[in-house]
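Here is a briefing for a reader who is new to this protein. Please look over the sequence and the structure first.

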Amino acid sequence: MKKEVKNNRRRKKRNGTKILVLLWALVFLVIGFELFFRNEIKFITLDYLSRVSTCEISKVKETKLSETESVSLDEFLRYENVTANEALLLVNEKYKISEDYIPKTVYHDERAVEMNACAKDSFDNLSEALFDETGETLFISSAYRDYEKQKEVKAEEGETAQEAGCSEHQTGLALDVFVKNFAGESFIKSESGQFINENCGDYGFIIRYPIFGEKKTGISFEPWHLRYVGLPHSKIINESKITFEDYIDSFEMGKLYSYENYIITRQNTDTISVPEGFEGAVASEDNTGAVIITFKME
Ligand SMILES: [Zn+2]
C-alpha cells in the first residue's frame, strides 16, 4: 500500500515536470514564431542586439595635426570653400530652440512640404535609392513646422508630441516618412521601412529615435522619423549605433577627429582651429553653444 502511494507521488511529480517542460517548449516556440515569421520583430531584435554596448563612436580617431591656424568664426565663414548649414543642431528638451528661430527652408514640389534647404538633395537621393530597391515612393507626412504649428500639434496630439521649442521639426531637418499602406509604427513592417532604417545613414539621415535610445532621447522608437545630419555624420552615427545626443557628447571641445577623409571638430564659436590643406568645409552650430566643423581633406 505504502509503496503504491509513493509510486503515485513519483508519477505525479514526473507528470508535473513534463507539463513544465512542455510549457517552456511552447513559450520558446511562440517566441521563435514571432522572430522568424514576423519580419519586423526579427529586424528590430537584430538591430537591438547588434548595438555596441558603449556609446562611443566607432572608427573615429582623435588626431593631432602640426599645421593648424587660428581664425575667428566670422573670418572662417568668409573662406571661399567654407559653407554653413544647420544640419547638426541638437534639439531636445534640454536644448530648445527659440520661438523666433527661422531655418533656411525650401519647398519640395513633388512632396508638397517645406523642409530645410540642406536636406533636400539627400532626401531625393534616398528616395531614388528606395525606388530602385523596392519600387515604392517615399512620401512625407510632416516636415517643417514653425513654433505656432508645433503648439497646435502639441494641443492636438498631447503626450505623443513635443512641446513647441523641443521639436526638431521646427528646424525643417526632421521628416516623417511613409510608403503606401505603411505609415507610422507599421512603417517598419514594410520592406521599404526596413530598407530606410538600415540604409538612411549612407544618404545623410539617421533614425533620430532608435529602438535602443529611449533612455537617452526620452522618446520611444520612431522608425518613420528621419533626421538629416549630413555625411559623414549619419554614417558614423548609424554604424556606431548611438543616439545623436551621444554623438555630440563624444567630441571633446577643440580636439580634432578623423574619419575616412574627413576631419571633424567641435569648437567654441570664438576662435576656430583650421587644419592646413583642406578641400572644403561645412560649419554647423549645434545649439549647445558650439560649432561643429567638418573638413573634407585633400
Ligand atoms: Zn517626426
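The points below go from the whole chain to single residues.

This is a predicted model, in which local features need pLDDT of at least 70, side-chain atom pairs count only at pLDDT 80 or more, and totals for chains, interfaces and linings use all residues. Residues are numbered from 1 along each chain as its sequence is written. The protein has 9 helices and 14 strands. Helices (H or I, at least four residues) and strands (E, at least two) are DSSP runs, numbered from the N terminus. The radius of gyration is 25 Å, well over the 19 Å that the globule rule gives for 298 residues, so the protein is more spread out than a compact globule. That radius is taken over C-alpha atoms, and the globule rule is 2.2 Å times the number of residues to the power 0.38.

**Overall layout**

- The chain is divided into domain 1 (2-37) and domain 2 (41-297). These bounds come from an automatic or database domain assignment.
- The centres of domain 1 and domain 2 are 51 Å apart, taken over C-alpha atoms.
- Along the principal axes, the C-alpha atoms fill a box of roughly 100 × 45 × 40 Å.
- Of the 298 residues, 36% are buried. A residue is buried if 20 or more other C-beta atoms lie within 10 Å of its own, exposed if 12 or fewer, and partly exposed in between, with C-beta atoms placed from the backbone.
- Among contacts with a separation of 6 or more, 67% join residues 24 or more positions apart. Two residues are in contact if their C-beta atoms, placed from the backbone, lie within 7 Å.

- An open sheet is formed by 4 strands in the order 6-7-9-8, with antiparallel pairing. Two strands pair if DSSP finds at least two bridges between them.
- Strand 6 and strand 8 (205-207) are the edge strands, and each pairs on one side only.
- On average, neighbouring strands of this sheet are turned by 45° against each other, direction ignored. The axes are lines fitted to C-alpha atoms, for helices over the stretch in contact, and angles run from 0 to 180 degrees between N-to-C directions.
- Strand 6 (residues 139-142) pairs with strand 7 over 3 bridges.
- Strand 7 (residues 174-178) is mostly covered, with 4 of its 5 residues buried.
- Strand 7 is also joined to strand 9 (residues 225-228) by 3 bridges. Here L175 has L226 as its bridge partner.
- Strand 9 is joined to strand 8 by 3 bridges, running antiparallel. F205 has Y228 of strand 9 as its bridge partner.

**Helix 8**

- Helix 8 (residues 233-240) is mostly covered, and 7 of its 8 residues are buried.
- Those buried residues are H233, S234, K235, I236, I237, N238 and S240.
- Their cover includes strand 8, helix 9 (244-249) and strand 10 (256-259).

**H108**

- H108 lies in strand 4 (residues 105-108).
- H108 counts as partly exposed because it has 19 C-beta neighbours inside 10 Å.
- Leaving aside neighbours within four places in sequence, H108 is in contact with V113, M115 and K120.
- L29 is 79 residues from H108 along the chain, and their C-alpha atoms are 48 Å apart.
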